[in-house]
Amino acid sequence: MRGTGLRLSVTLLTVIPWRGAGRRAEDDTATAPSRATVAAAMAWAPAVGLLLGVIASAVLLVADHPLGAGPLTAAGLAIGLLALLSRGLHLDGLADLADGLASGKPAPAALDIMRRSDIGPLGTVTLILTVLIQVAALSQAESAGHGRGPAALIAAVVTGRLALTWACRRGVPAARPEGLGALVAGSVRPAIPAAATVATLAAAVAAVAISAAVIGEPLGWTLPLAVLAGLGAGFAVQQHAVRRLGGITGDVLGALAEIATTVTLVVAAMGPAV
């Protein structure tokens, strides 16, 4: 079950191919994944975020230092790669949620707006500003040197996917009886995102401490604070979406990933210069 859940998490949240996933997808056309498999997939989301963060950080480092593209261009390439690796689904969800919530209409009408294939003016502005802020924040962190850029990026991507695990915990309803939200809503035991949060915070604190003790150049104590800020922002938006829409949808989940990622990057970039 763990292997099946991990496979589903990777194929659902990324474009990364998984050998044997094609046959599994064909099998799933007849029957939807079991509740246990879905819960495992959402529990694995932070680990998938770690994989994505490491890949994007490698691009950030290579583009900035050996290739000499500079922090801004390197940040743009890393953020662009993340969008490609996630098929742009999270960004699309963010734009759809912005349009739906900003409409001011009752839940059924707002959900209909979110299901449309087009993106409205506010969704477009939200999308552009979010990407610009992510690139600017990552560029600032990378400019500070001493590994601040990769550390901020990995923490942000993990936090963004951890926000998904929290949003799928038991007690959070789905806004519709069908779709991704209905499939994953309420599937995860609260102890799982709680444990993952403790592990993420411990890793952030350890990274700061090791950097200060071994390298002599601290990453900045804002790193664990950035994780908390990102999760807090994701939780606030999730609560607002549940109040307005009646629950979560696939678009809400995508928006939460982007919002938590963005806030984490911004706070991590605000660390003191070293």
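These are my notes from a look through a predicted model.

**Serine 139.** Next I went to helix 8, which covers residues 121-143 and holds serine 139. Is serine 139 buried or exposed? I put it down as buried, because its relative accessibility is 10% and the cut-off for buried is under 20%. I then looked up its neighbours: leaving out residues up to four places away in sequence, serine 139 touches Pro71, Leu72 and Ala75. With leucine 72 I also found a polar approach, as a polar atom of the serine 139 side chain lies 3.4 Å from the backbone nitrogen of leucine 72.

**Isoleucine 128.** I stayed in helix 8 for isoleucine 128. This residue counts as partly exposed, because its relative accessibility is 47%. I found isoleucine 128 in a nonpolar surface patch with Leu122, Val125, Leu129, Leu132 and Ile133. Together the patch residues have about 520 Å² of accessible area.

**Salt bridge.** How many salt bridges did I find? The count comes to one. Glutamate 178 pairs with arginine 115, with 3.4 Å between the closest N and O atoms. The pair joins distant parts of the chain, 63 residues apart: arginine 115 sits in helix 7 (residues 107-115), and glutamate 178 in the loop between helix 9 (148-167) and helix 10 (180-184). I noted arginine 115 as exposed at 53% relative accessibility, and glutamate 178 as partly exposed at 38%.

Notes: Residues numbered from 1 in each chain as written. Predicted model: local features only at pLDDT ≥ 70, side-chain atom pairs only at ≥ 80, totals over all residues. Heavy atoms only, no water. Helix = DSSP H or I, 4+ residues; strand = E, 2+ residues; numbered from the N terminus. Buried < 20%, exposed > 50% of the residue type's maximum accessible area, 1.4 Å probe, protein only. Polar contact = N/O pair within 3.5 Å; in protein donor to acceptor, adjacent residues only side chain to side chain. Contact = heavy atoms within 4.5 Å. Patch = residues over 30% accessible without salt bridge, like charges linked within 9 Å, V, L, I, M, F, W, Y side chains within 5 Å. Areas by Shrake-Rupley, 256 points an atom, 1.4 Å probe, with all protein chains shown as cover. Salt bridge = Lys/Arg side-chain N within 4 Å of Asp/Glu carboxyl O.
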